[in-house]
Amino acid sequence: NSYLFVPGSAFVREINTDTTRWDLHGGGAKIYRGGTIGGKYIRIPITIPSVLYGQPVRVTSLTVYYQSHNGANNYITDTTLYKNTDADSWDLLVSDAGDRTSNTATSYSISTDGATNTLSSGQGILSLLLDLEFSNDTDYILITGVRLTLDHTP
């Protein structure tokens, strides 16, 4: 196995009119609601070699490092990892709707080891979508980063 780490500061808003705001914090970001109450979406683009040393690469797990400032008011509600198969379609590698509410720094891991998790020379663009829920604009969610576990076994 090998591991790919992506900093939490590497995310983008889901849509350009989103009012989400953030402060950088080390390699991560403290994300605030900004504007209206409710869900906000952020994407973390992930770039990795699809084929390494002539061997296929399988994404076998995803780990998200995070902390809720106040898990009763702000938390992660859904974690979804996509693999683009061409310019306008994709495979769903994993979707986890578990609420992540920890007030202390922690992480959670999700298995992605399924039928569509092998990357190829033509399919290797990955995108992580996090659905964040906010009830106020004073509490934040700290996203420190994500880690992908990659298996190089043929």
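Predicted model: local features only at pLDDT ≥ 70, side-chain atom pairs only at ≥ 80, totals over all residues.

Trainee: How far apart are the closest N and O atoms of aspartate 18 and lysine 40?

Mentor: They are 3.2 Å apart, and the two residues form a salt bridge. The pair links distant parts of the chain: aspartate 18 sits in the loop between S2 and strand S3 (21-25), while lysine 40 belongs to strand S5, 22 residues apart.

Trainee: How many salt bridges does a search of the whole structure find?

Mentor: The search finds 7. One of them joins aspartate 113 to arginine 58, with the closest N and O atoms 2.5 Å apart. Aspartate 113 lies in the loop between strand S10 (106-111) and strand S11 (118-119), and arginine 58 in strand S7 (residues 55-68), so this pair ties together parts that are 55 residues apart in sequence.

Trainee: Is aspartate 113 buried or partly exposed?

Mentor: Buried means under 20% relative accessible area, and exposed means over 50%. Aspartate 113 has 44% relative accessibility, so it counts as partly exposed. Compare aspartate 96: its relative accessible area is 19%, so it is buried. Salt bridges that share partners also join Arg58, Asp113 and Asp151 into one network.

Trainee: And which residue does aspartate 96 meet in a salt bridge?

Mentor: Its side chain meets that of arginine 100, at 2.7 Å from N to O.

Trainee: Now the sheet. What is the order of its strands?

Mentor: The general idea for a strand comes first. In a regular strand, side chains alternate between the two faces of the sheet. Here, the open sheet has 5 strands in the order S2-S5-S12-S8-S9, with antiparallel pairing. Strand S2 (12-13) and S9 stand at the edges with a single partner strand each, so one side of each has no neighbour in the sheet.

Trainee: How many bridges pair S2 with strand S5?

Mentor: There are 2 bridges between S2 and strand S5 (residues 38-46), in the antiparallel sense. For a residue-level view, arginine 13 has isoleucine 42 in S5 as its bridge partner.

Technical notes
Residues numbered from 1 in each chain as written. Heavy atoms only, no water. Pairing = 2+ DSSP bridges. Helix = DSSP H or I, 4+ residues; strand = E, 2+ residues; numbered from the N terminus. Salt bridge = Lys/Arg side-chain N within 4 Å of Asp/Glu carboxyl O. Buried < 20%, exposed > 50% of the residue type's maximum accessible area, 1.4 Å probe, protein only.
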